[in-house]
Every structure is written in C-alpha cells, then in structure tokens.
Amino acid sequence: MEQYALDQLKTIAKVSTTCKRLDMTQRERLERWAESLEHSPRPYLKTLHETEYQPMADRLALRDDGTPISVAFADPILRAAGMENDSYGEAKRFFELSDEQLHDLVCFCHFGERVSAAVVARRLRKMAGYKPSGFFAQLRAFFG
C-alpha cells in the first residue's frame, strides 16, 4: 500500500478533510478487525518483536507491513472510524486495548515470526465478547 502525506495527495486529488467520522463502539471495531483478518489475502502475517521490552516511545511507534495491525489500517471502514496509521500505538488507542492485550495479539514471543490471521481474529473476537451461536460453533470457539 502506498502512503502519501496529505499535502502530496492535494496535488493529485481533491481532498476533503471535513468527512464525519464513522461512530463505532470498541466491540464493533474489534469485530471489524477480526473480519478484515478473516478476509486477508495473506493467511500468515508478520509479528512485532519484543513489544514488552521496548521503551514506551519506541513501542508506540512500532510498525511493519504485513502485520495484523496493517490489515486493520487497510480497511476503509476502520479508517473512516478514525484509525490514523498502522503503528502499535495507534492500534492501542483506536481499539482501546491495553499493552498486555495488544502484546497477546501481535508479539513475536507468542507466535514466532508469523501468526495466522485466523488465530488473531479468534483472539479479537474473544476480547470483544463474541458469543458464537450453534453447538459446533461454540465447541470450535472453546477449543480454538
């Protein structure tokens, strides 16, 4: 995904900065992130290294292409709701997650170099309080 500064975009397109933000609850944002991961063309995504050991300023600035956070940022609905970039700090702010919660989703120490998008989606749904309907769906969620 190519990224441009707002000033650069204004030279090639008409840019409106008066768009009303889409209102979403935390649960809706987490659910949408999970959906984005389930529809990701990449079944495995990169993790971020040692998030818990980084100084706070460095941790908040952590980012990489091809991470679960970058999948969220690529989603136009999440951007319309106010997600501003694909950094660790922005994910923490936008999704209203603690460092511990975000660490459990994207850190190298839990998954190694790559994590399954489906695994992160399941964890997000659990954080959001998602309750699957149907007996087999509940069994899958319990053992997943």
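What share of the contacts with a separation of 6 or more joins residues 24 or more positions apart in the protein chain? The share is 61%. Contact here means heavy atoms within 4.5 Å.

## The model and its outline

This is a predicted model, in which local features need pLDDT of at least 70, side-chain atom pairs count only at pLDDT 80 or more, and totals for chains, interfaces and linings use all residues. Residues are numbered from 1 along each chain as its sequence is written, and side-chain values use heavy atoms, with hydrogens and water left out.

The protein chain holds 10 helices and 2 strands. Helices (H or I, at least four residues) and strands (E, at least two) are DSSP runs, numbered from the N terminus. Read from the N terminus, the order is α-α-β-α-α-α-α-α-α-β-α-α.

The chain has 144 residues, and 36% of them are buried. Buried means under 20% relative accessible area, exposed means over 50%, and partly exposed is in between (1.4 Å probe, protein chains only).

## Helix α7 and its buried face

Helix α7 spans residues 99-106. Its buried residues are L102, H103, L105 and V106. Seen down the axis of α7, these buried residues fall within an arc of 165°, so they line one face of the helix. The arc is that of the directions from the helix axis to the C-beta atoms.

What covers these residues? The cover of the buried residues of α7 includes α2 (26-38), α4 (68-74), α6 (88-94), α8 (108-111) and α9 (117-128).

Two packed helices are described by the angle between their axes and the distance between the axes. Axes are lines fitted to C-alpha atoms, for helices over the stretch in contact, and angles run from 0 to 180 degrees between N-to-C directions.

Take α7 and α9 to begin with. They pack at an angle of about 155°, with axes 9 Å apart. The two helices are therefore roughly antiparallel. Angles under 35 degrees count as roughly parallel, over 145 as roughly antiparallel, 65 to 115 as roughly perpendicular and the rest as oblique. On the α7 side, Q101, D104 and L105 meet V120, R123, L124 and M127 of α9. By class, this contact has 4 nonpolar, 1 polar and 2 charged residues. Ala, Val, Leu, Ile, Met, Phe, Trp, Tyr, Cys and Pro count as nonpolar; Asp, Glu, Lys and Arg count as charged; the others, Gly among them, count as polar.

Now turn to α2 and α9. Their angle is about 165°, and their axes lie 8 Å apart. That makes α2 roughly antiparallel to α9. The crossing is left-handed, a term used if the near helix is turned anticlockwise from the far one by less than a right angle; clockwise would be right-handed. From α2, the contact uses R27, L30, E31, W33, A34, E35, L37 and E38. From α9, A117, V120, A121, L124, R125, M127 and A128 take part. The class count for α2 with α9 is 10 nonpolar, no polar and 5 charged residues.

I69 sits in helix α4. Is I69 buried or exposed? I69 is buried, with a relative accessible area of 1%. Neighbours within four places in sequence aside, I69 is in contact with W33, L48, M83, D86, S87, Y88, A91 and V106. I69 and A91 are 22 residues apart in sequence, yet their C-alpha atoms are 6.6 Å apart in space.

S70 also belongs to helix α4. S70 is buried too, at 12% relative accessible area. With neighbours within four places left aside, S70 is in contact with D64, D65 and D86.

L62 lies in the loop between α3 and α4. Along the chain, L62 and Y88 are 26 residues apart, but 5.4 Å separates their C-alpha atoms. Not counting residues up to four places away in sequence, L62 touches L48, H49, T51, Q54, D86, S87 and Y88.

E50 is found in the loop between β1 (44-46) and α3 (56-61). Its phi is near 45°, a positive value in a residue other than glycine. With 45% relative accessibility, E50 counts as partly exposed.

E96 lies in the loop between α6 and α7. E96 is not a glycine, yet it has a positive phi of about 55°. At 47% relative accessibility, E96 counts as partly exposed.
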